[in-house]
Amino acid sequence: MIDYRAARLRMVEYQIARRGIRDLAVLEALSAVPREEFVTDALRDYAYEDTTLPIAHGQTISQPYIVALMAQAAELTGAGKALEIGAGSGYAAAVMAEIAGHVVTIERVAALAELATSRLQRLGYANVEVISGDGTAGYAGQAPFDAILSAAGTRKVPTAWKEQLAIGGRLVLPLGPLGDQKLMKIVRTGDNDYSQRPLVDVRFVPLIEGPG
């Protein structure tokens, strides 16, 4: 029988820390979140391979290294409020919740939102709020956010996401057409001013508007 905690710590050391993730809060978060609880029973033994894995409704759970890279780029803090677009299994939200004070995660597929909600509640993540709906509109009711992270790629940054960032807030998302996406970090530097820089080439599922 696999010792999941030992496997998790090995993954963090060899696949996360040794590949350049230096944020101690992110490393501790990856070490704390039981990824095997966010995949199907058939895939639990593969939970600590640094790869995407399928979940329900044709979606995937993100590669741990990419989750770590996005969390590091988002510069999450205990006093911060974060928005995630695309809850999926809830894994990335759990990682974020280990660091941020409050996390809102939006999932367009209602069944996935329900699964993520029950899973996060069962694991004790009381500071995560799962919303079923269209993530392209963000979540104005709790804006501004210190960080916004998207688990889906888009050719153009939705205006709502930029508007819902706090001044100094960070938006981390895959940008570009499928097959030519780059993970971008966008920082709101003023009311109408933003800076951006590419982090790494990625391949994410496309952002889809509307309910699932």
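Helix H5 (residues 110–122) lies across strand E4 (102–107) and strand E5, running at about 165 degrees to E5; contact here means heavy atoms within 4.5 Å. Axes are lines fitted to C-alpha atoms, for helices over the stretch in contact, and angles run from 0 to 180 degrees between N-to-C directions. Helices (H or I, at least four residues) and strands (E, at least two) are DSSP runs, numbered from the N terminus. The model is predicted: local features need pLDDT of at least 70 and side-chain atom pairs count only at pLDDT 80 or more, while totals for chains, interfaces and linings use all residues. Residues are numbered from 1 along each chain as its sequence is written, and side-chain values use heavy atoms, with hydrogens and water left out.

**Sheet**

- An open sheet of mixed pairing is formed by seven strands in the order E5-E4-E3-E6-E7-E8-E9, where two strands pair if DSSP finds at least two bridges between them.
- Strand E5 (128–132) and strand E9 (194–202) stand at the edges with a single partner strand each, so one side of each is left without a neighbour in the sheet.
- From one strand to the next, the twist averages 15 degrees.
- Strand E3 (residues 81–85) runs parallel to strand E6 (residues 145–150), and four bridges join them; the bridge partner of Ile85 in E6 is Ser150.
- E6 also runs parallel to E7, again through four bridges, and Ile148 stands opposite Leu171 in E7.

- Nine of the 11 residues of strand E7 (residues 165–175) are buried, so that the strand is mostly covered; buried means under 20% relative accessible area, exposed over 50% and partly exposed in between (1.4 Å probe, protein chains only).
- E7 pairs with strand E8 (residues 181–188) in the antiparallel sense over six bridges, and Pro174 stands opposite Leu183 in E8.
- The hairpin of E7 and E8 has five residues between the strands, and Gly176 takes a positive phi near 125 degrees there.

**Helix packing**

- H1 and helix H3 (residues 64–74) pack at an angle of about 70 degrees, with their axes 10 Å apart.
- The two helices, H1 and H3, are therefore roughly perpendicular to each other (angles under 35 degrees count as roughly parallel, over 145 as roughly antiparallel, 65 to 115 as roughly perpendicular and the rest as oblique).
- Met11, Gln15 and Ile16 of H1 make the contact with Pro64, Tyr65 and Ala68 of H3.

**Aromatic rings and charges**

- The count comes to one aromatic pair, under a rule by which rings of Phe, Tyr and Trp (its six-membered ring) pair if their centres lie within 6.5 Å, with planes under 30 degrees apart counted as stacked, over 60 as edge-to-face and the rest as tilted.
- The ring centres of Phe38 and Tyr91 are 5.8 Å apart and their planes are at 70 degrees, so the pair is edge-to-face.
- Phe38 lies in the loop between helix H2 (24–32) and strand E1 (53–54) and Tyr91 in helix H4 (residues 91–97), so the pair ties together parts that are 53 residues apart in sequence.
- Phe38 and Tyr91 are both buried.
- The charged end of Arg19 sits over the ring of Tyr65, 3.9 Å from its centre, and that of Lys162 sits over the ring of Tyr194, 4.6 Å from its centre; the criterion is NZ of Lys or CZ of Arg within 6 Å of the ring centre and within 35 degrees of the ring normal.

**Arg22**

- Arg22 lies in the loop between helix H1 (4–16) and H2 and counts as exposed at 58% relative accessibility.
- Not counting residues up to four places away in sequence, Arg22 touches Ala17 and Gln72.
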